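Please look over the sequence and the model below before reading on. The paragraphs that follow go through the structure step by step.

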Amino acid sequence: MIATCRHCSKSKVNRPRGLCWSCYYTPGVKEMFPSTSKYARRGVGNFSGNAPLPSAPTTAAPGTPEKLAVLEQRAKLKQALFHPADARFAGDARPHEFLKTQAVAA
Ligand SMILES: [Zn+2]
């Protein structure tokens, strides 16, 4: 079976989104046909960037089960996995310092 262009149904598909060369490069045409790539983003659980920061940093050190639980929780809430003030080692005062500045600002 030879796939034909989803737009003009005449030419052979040789561009992404099931379009022929001339349709793909015709202004406005490819915008009407969303990407068919299985690598395109879809559904939940596959996001990056732009996620809101978690409401508070964690004191759990990296690699600990506690930290993993925190990451899981953040992923579930669609928050950024890492907070800039997360503890970077056991006993790191960074999260506490951060929360102190937050309390002052509030
Ligand atoms: Zn076409």
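**Reading the model**

The protein has a mean pLDDT of 86, and 82% of its residues reach 70 or more. The model is predicted, and these values express the predictor's confidence in each residue. Where pLDDT is low, the predicted coordinates should not be read in detail. Confidence is highest in helix 1, with a mean of 95, and lowest in helix 3 (residues 94-105), with a mean of 85.

Next comes the overall layout. The protein has three helices and zero strands, so its pattern along the sequence is written α-α-α. Of its 106 residues, 11% count as buried. Among the contacts with a separation of 6 or more, 35% are between residues 24 or more positions apart.

The segment before helix 1 contains Arg17. Is Arg17 buried or exposed? Arg17 is buried, because 20 other C-beta atoms lie within 10 Å, and a residue needs 20 or more to be called buried. The backbone of Arg17 also deserves a look: its phi is positive, near 65°, and the residue is not a glycine. Most residues other than glycine have a negative phi.

Helix 1 covers residues 21-24 and helix 2 covers residues 65-76, and Gly63 sits in the loop between them. Gly63 counts as exposed because it has 10 C-beta neighbours inside 10 Å, and the cut-off for exposed is 12 or fewer. Which distance separates Gly63 and Arg88 in space, C-alpha to C-alpha? The distance is 9.9 Å, while in sequence Gly63 and Arg88 are 25 residues apart.

Helix 2 is made of 12 residues, and from its first C-alpha to its last it reaches 16 Å. That is close to the expected 16 Å, taken at 1.5 Å a residue.

Helix 2 is followed by Lys78, which lies in the loop between helix 2 and helix 3. Lys78 has a positive phi of about 55°, although it is not a glycine. What sets Lys78 down as exposed? Lys78 is exposed because 11 other C-beta atoms lie within 10 Å, and 12 or fewer is the limit for that label.

Arg17 and Lys78 can now be put side by side. Phi is positive in Arg17, near 65°, and in Lys78, at about 55°.

Technical notes. Residues are numbered from 1 along each chain as its sequence is written. This is a predicted model: local features need pLDDT of at least 70, side-chain atom pairs count only at pLDDT 80 or more; totals for chains, interfaces and linings use all residues. Helices (H or I, at least four residues) and strands (E, at least two) are DSSP runs, numbered from the N terminus. Two residues are in contact if their C-beta atoms, placed from the backbone, lie within 7 Å. The expected span of a helix is 1.5 Å times one less than its number of residues. pLDDT is the predictor's confidence in each residue, from 0 to 100.
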